[in-house]
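Open the model in your viewer and keep the selection tool handy. We will go from one stop to the next, with a note on what to look for at each.

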Amino acid sequence: MNLNEEVEILKGVPLFAKMEPAKLKLLAFTGERMTFNSDQEVCHQGDPGDAMYVILGGIADVLIDTPTGQLRVAQLKKNGFFGETAILCDAPRNATIKASESLLTLRINKDMFYRLVSEFPSMAIEMMRELAHRVEDTNQKLREATANKAA
Amino acid sequence: MQRNLFSYIWRYSRPEQLVILLLVVFAQVFYFMSLTVPKSIVNNGITGNAFKNHHTIPFLVWELDLSAIFPGKVLRILDGFQVDQLQYLVIMSFVFLAAVIVNGQFKKSINTQKGRMGERMLRRLRYELYDRILRFPPAHFRKVKQAELATMIKDEVEPLGGFIGDAFVQPMFLGGQALTAIIFIMMQNFLLSIIVLVLLGVQMVIIPRLRKPVLVLGRQRQLSARLLAGRIAETADGNTEIHVHGAANYERADISERLGHIFKIRFDLYNKKFVAKFWNNILSQATPFAIYLVGGYFAITGQMDVGAVVGVLLAYKDLPSPIKELIDWDQQRQDVQIKYEQVIDQFQPEGMMDPDLQAVPDGPIPPLGHELVLTGVTVSEDGRVKQLDNVSLTLPTDTHVAVIGGSGSGKDVLGQVLARQVPINGGSVRIDGQDFFRLPEYVLGARAGYVGQETYLFPISVRDNLLFGLKHRPVAPAQYDDATRALREAFWRESERAGNPAFDPNADWIDYELAGASGPADLLRCIVEVLKQVELDEDIYSLGLRGTVDADKRPDLAEKILKARHALHGRLQDAAYAGLVEPFNAERYNRNLSVAENLLFGTPVGPDFDGDNLAADPYMQTVLHELRLDEELLRMGLSIAETMVELFSGLSPDNPLFEQYSFISADELPNVRLLLQRLGGKGVEAVPEADRVRLMTLPLCYVEARHRLGLIDAEMEDRLLAARRAFAAGLPGPLRGAVRFYDFEQYNGAATLQDNILFGRLVYGQAQADQRIGTLTREVLDELELHDSVIEVGLEFNVGVGGKRLGATQRQKLGIARALIKRPQFLVVNEAVAAFDGRTQDRIRDHILAAAEGRGVVWIANRPSQAEPFDRVIVMQGGRVATFGEKAQVEGNGLYAELMASA
């Protein structure tokens, strides 16, 4: 896959939707493409985080450790991203991400990420929107869970 | 050391000085001859004065006239023969030539001897100064700057060498000349000679006085230059601090101030020097003035004839030059004397170590005693604050003891005392009744170990650093062939003449027995063992993979590595590793290699094809031109330039992305942008000649798999492959050695072990390819039992200045390993593990204790909890021992409980 094709994919990622094509190209050029085979772990829960990933192709499972073993809580598809929490608040990875089929990602390391966010506020807003969605989603689930427990 | 340079010179070079003096006197004869023979040639040979009465005269008649003792007795030694005028002329001309040659030979011989003597003395002096550095008390190094020591030994004593040759000969020689002239004047007229003598006396008193300030300034100049050297070294050492604190301009102010000061001294020096010169000239002309006036008066009044006045004037003409040179010599003498004093003053600090303590052992080194007894030991650096206060302890040298205490408890000072790092101000330390501080250094060096919080590494290989503590004496002499042996022996004889020891650094100094090895063959086993104890083996293994091996020197290893390559490539066929490595294949373009690497398809040796030189190489250019690839590369270069300008234009020049990713540096980008604007899309034909090479170098570092600009399609691959083949096929003879081509069946001595084993490149963007191939490589190497051999290669890694090429923890680990490999009878670990994380600290402690079973360890704990596995514990507070004993006894102590609770 060459750079221009990658830029085309990045254009479809909501996170980068409002970025100029030239900057997208810079992102594609400087970011690292990582291919993961099916069942290969991208990151492991509890490990320190040093990069975020944008999925350019394939599907990844989000797994969380429970006393009874790993539990799949979500799936991420093309245009999805993950790993931003660990680099935003220096926390360990809060989930294990595993490729469920051949997975192509754009890996953006910590320094690069901060540089992008400060240079492209639109990216920050997009990320906030996504995070807010996730919080809302979690709250929803929590409400349901409490309601179920009460019932 | 003698304060007086002259007694120093005389003491060590007396015989040589006398020989030279003798030569000088002897040379005068021939010098005189070369002056008198021309007179005979002119008078007798040419004008024929001696041939007026006879056709021939006797020649070479040697008679010894003894008539003074035995009247009338003349002893004829040689009868000689008769010569006519022409023969005489020929013979005397050849005599003249011979005299000139002999005179020249004497001069040469005298000068060589002087030079050799001077250089020998210089060598002796330098060695002696260096020897003193080795005997400085440790505290003195906190006061002197290393750069200043270096300048003193290197530069400041240098002029002494030149002077030493002339120290005695010059005044004798010149004095003799001057004396002759004065005697001649005296014979002409006594009064006149008195006047001349008085005037000379005045000169000799006044001129040195005038030069005195010059000397004082010269001394200041020397001091200020030395300080400048120290200051520059500080800047280099403290460069991080200067940048971190933004103090560069303050440093500039300081250096400017110093340079201004030096300028002032130097300018004053010029002023004073020329004032002295002015008076010197006036005074030296005062004597002829007096001769004219007084001699003229005598001539007019008839007390002296005119011829005598002219004779005195002529004699005087010869006088000033030796006198002037004598004065010069005297000035030089004072100058070097001052230099000498200033240097040696810096080399005699209080408390220098006795040379006996650093003697070379003449056999195996005796063991350390069994019991260290400290009685009332007090250490206080400035005489007030007591870092150790009346410490009394009895420490068997074969037990494991932990020392705990808060900061300022004096535990670290206790550790330093036990390694003789600090002198004690009161009390005594005895080992089996002997004064611990009088123990020869080699006993301590071989039998005791000490590691402090900081480790200094020499800029040599890991291996040499590690074995540093095993080198106390030459164990086996180096093997030389007869010719080299003779050269070496002459070299040592010369060393001894200059008072230098005739040690051979090429000898084998490694004390294998101390390391527990039987000889060079199984030393590696011991090394690997200690590296494991300090958990450094993996790091050295990685360094080994990045190291190179010369196949000529280690054919066995090269062959095994080749085997590993085959084994690895066999394993890579496994589907699990599919797509992780792109092997080097002569028939295929490698998308994970740069264009340059693909063209060269080998490892550059030397500068010819290295880096940017490849594009500029004329042979490579011809190859590319013949295949019309130069135009293609130019097109690619243009395309890369356009992309770079597009991508990086908006970024600030100091953005790290430039350095990491851009093909074009931030400084160059505006020029490239300008170039592209001028071209205005006109294509490669319009590129000016001057910019072509620059554009052509751009695609050479282009890696298709990594940069993915889509510049290299299948057709381009084929063309580059053709160029690769053409390049290899037509490589001219002189360039054959400049590249080692990739060949699956050949070990490549120019490439790293890792590259040799992998024989390919990791494919970009494959997750964890690095780790997975790393693990696979290790498995393969383990199967072939090559793991230790790789470590052996890693041991050759040069650690750089101060060990800076290693990380801080690696340095510290190597420092600990250096102490452990000696298997010391008594090891002091003075908070040496503090730099590691807690778990590593404990693991390394356990390794050390296990390895030192039955031998003594004093563990100065940086955390009290480290004392846990020790049977005996010393608890310290305020420079005193609070309690000491078996753990069970100590546990009742309140301070112990408190320290343990805080841990």
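**Stop one: a sheet in chain A**

Select the 4 strands of chain A that form an open sheet in the order S1-S8-S3-S6, with antiparallel pairing. Helices (H or I, at least four residues) and strands (E, at least two) are DSSP runs, numbered from the N terminus, and two strands pair if DSSP finds at least two bridges between them.

Before going on, a word on the model. It is a predicted one, where local features need pLDDT of at least 70 and side-chain atom pairs count only at pLDDT 80 or more, while totals for chains, interfaces and linings use all residues. Residues are numbered from 1 along each chain as its sequence is written, and chains are lettered from A and ligands numbered from 1 in the order in which they are written.

Now zoom in on S1(A) and S8 (residues 103-109) of chain A, an antiparallel pair with 5 bridges. Pick Thr35(A) and look across to its bridge partner in S8(A), Leu104(A). Next, show helix H4 (residues 110-119) of chain A: H4 lies across S3 (51-57) and S8 of chain A, at about 75° to S8(A). Angles run from 0 to 180 degrees between N-to-C directions, and axes are lines fitted to C-alpha atoms, for helices over the stretch in contact.

**Stop two: where the chains meet**

Select the contact between the chains: 15 residues come from chain A and 10 residues from chain B. (Two residues are in contact if their C-beta atoms, placed from the backbone, lie within 7 Å.) On the chain A side, H1 (3-12), H2 (21-30) and S1 each give two or more residues.

**Stop three: a sheet in chain B**

Move to chain B and select the open antiparallel sheet of 4 strands, ordered S6-S5-S8-S9. Strands S6 (388-396) and S9 (434-435) of chain B each have a single partner strand, so one side of each has no neighbour in the sheet. In chain B, S5 (residues 371-379) and S8 (residues 426-431) run antiparallel, joined by 5 bridges. Click Val373(B) and you will find Arg430(B) of S8(B) opposite. Helix H11 (residues 411-418) of chain B packs on this sheet, touching S5, S6 and S8 of chain B.

**Last stop: two crossing helices**

Finally, select H22 (residues 629-648) and H25 (residues 689-700) of chain B, whose axes come within 7 Å and cross at roughly 80°. Among the residues that meet here are Leu633(B) in H22(B) and Leu695(B) in H25(B).
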